[in-house]
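Colleague: I have the model open and want a close look at a single part. Pick one, go through it piece by piece, and then show me how it sits in the rest.

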Amino acid sequence: MTTRVAALYTAPARKAPMVAVESIEAEAGSGIVGDRHHGSRHRHVSVQSRDELAAATAARGAPVPEELTRRNLTLDHGAVPTIPGARLVVGDVVLEVVRRAAPCRVMDTEIGPGAARAMHERGGAICRVLSSGTIAVGDAVELPG
């Protein structure tokens with residue numbers, strides 16, 4: 001089964017609410033145009049998976065809504081690669097994993113107690129953009145391996 005982009009979220013500023021969008025412009029070396037991390041050195045795009053969110057929900061015993069995790073890109077299924085250097089191809093955009101995405105302490109405030117702990121080892125990855133292009137909901141995702 002092909003892995004696809006299930007949802008996309010951006011926030012224009014730190015602490016601003018995440019907004020669901022149908023597509024984003026990814027700029028090589030800079031990140032998502034209009035997102036709070038655009039222009040940062042390595043934190044261009046954060047990626048998570050609905051499978052990992054379901055596991056976090058089970059571990060927490062309460063929902064972990066994808067829009068409250070502050071990740072940009074949600075995959076419909078599968079495991080997000082977290083080994084630095086691994087590459088994902090999303091539509092015509094190439095992303096490279098920089099590091100595992102650590103759960104943010106704010107998750108316990110935004111989602112509820114235990115959310116950050118439930119996301120431990122399930123938070124996805126932080127990636128840098130290697131090639132520019134558009135990413136849209138429904139785009140196919142090529143995962144390594």
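Modeller: At 48% relative accessibility, Glu121 counts as partly exposed, because the value falls between the 20% limit for buried and the 50% limit for exposed. Keep in mind that this is a predicted model. Glu121 lies in the loop between α3 (115-119) and β9. Its phi is near 70°, a positive value, although Glu121 is not a glycine.

Lys15 is also worth a look. Its phi is positive too, at about 70°, and Lys15 is not a glycine either. Lys15 sits in the loop between β1 and β2. Its relative accessible area is 70%, so Lys15 is exposed; the limit for that class is over 50%.

Seven of its eight residues are buried, so β1 is largely enclosed by the rest of the structure. Buried here means under 20% relative accessible area.

Now take its partners in turn. β1 pairs with β2 (residues 19-21) in the antiparallel sense, over three bridges.

Next comes β6. Three bridges link it to β1, again in the antiparallel sense. Here the partner of Val5 is Leu75.

Then there is β11 (residues 140-142). It pairs with β1 over two bridges, and the sense is antiparallel. Arg4 stands opposite Ala140 in this strand.

Asp35 belongs to the loop between β4 (31-32) and β5. Leaving aside neighbours within four places in sequence, Asp35 is in contact with Thr10, Ala11 and Asn72. The relative accessibility of Asp35 is 5%, so it counts as buried. Its side chain makes a polar contact of 3.2 Å with the side chain of Arg36.

Turn now to the nonpolar packing. In soluble globular proteins, nonpolar side chains tend to be buried together. The largest nonpolar core of this model has 21 residues. Val47, Leu73, Val90, Leu95 and Ile135 touch the most other members.

Beyond its neighbours within four places in sequence, Val90 is in contact with Val5, Leu73, Leu95, Ile135, Ala140 and Val141. Val5 is the residue bridged to Leu75 in β6, and Ala140 is the one opposite Arg4. A second core is separate and has nine residues, including Val64, Met107, Ala118 and Met119.

Last, step back to the whole chain. There are three helices and eleven strands. Read from the N terminus, they run β-β-β-β-β-α-β-β-β-α-α-β-β-β. The radius of gyration is 14 Å, close to the 15 Å that the globule rule gives for 145 residues, so the chain is as compact as a globular protein of that length. The C-alpha trace spans about 40 × 35 × 25 Å along its principal axes.

As for burial, 46% of the 145 residues count as buried. The chain exposes about 7000 Å², and carbon and sulfur atoms supply 53% of that area. Among contacts with a separation of 6 or more, 73% are between residues 24 or more positions apart. The contact of Val5 with Val90 is one to look at on your screen.

Technical notes. Residues are numbered from 1 along each chain as its sequence is written. This is a predicted model: local features need pLDDT of at least 70, side-chain atom pairs count only at pLDDT 80 or more; totals for chains, interfaces and linings use all residues. Side-chain values use heavy atoms; hydrogens and water are left out. A nonpolar core is a set of buried Ala, Val, Leu, Ile, Met, Phe, Trp, Tyr and Cys residues joined through side-chain atoms within 4.5 Å. Buried means under 20% relative accessible area, exposed over 50%, partly exposed in between (1.4 Å probe, protein chains only). Contact means heavy atoms within 4.5 Å. Helices (H or I, at least four residues) and strands (E, at least two) are DSSP runs, numbered from the N terminus. Two strands pair if DSSP finds at least two bridges between them. The radius of gyration is taken over C-alpha atoms; the globule rule is 2.2 Å times the number of residues to the power 0.38. Accessible areas come from the Shrake-Rupley method with a 1.4 Å probe; for residues, only the protein chains shown count as cover. A polar contact is a pair of N or O atoms within 3.5 Å; within protein, one must be able to donate a hydrogen and the other to accept it, and residues adjacent in sequence count only if both atoms are side-chain atoms.
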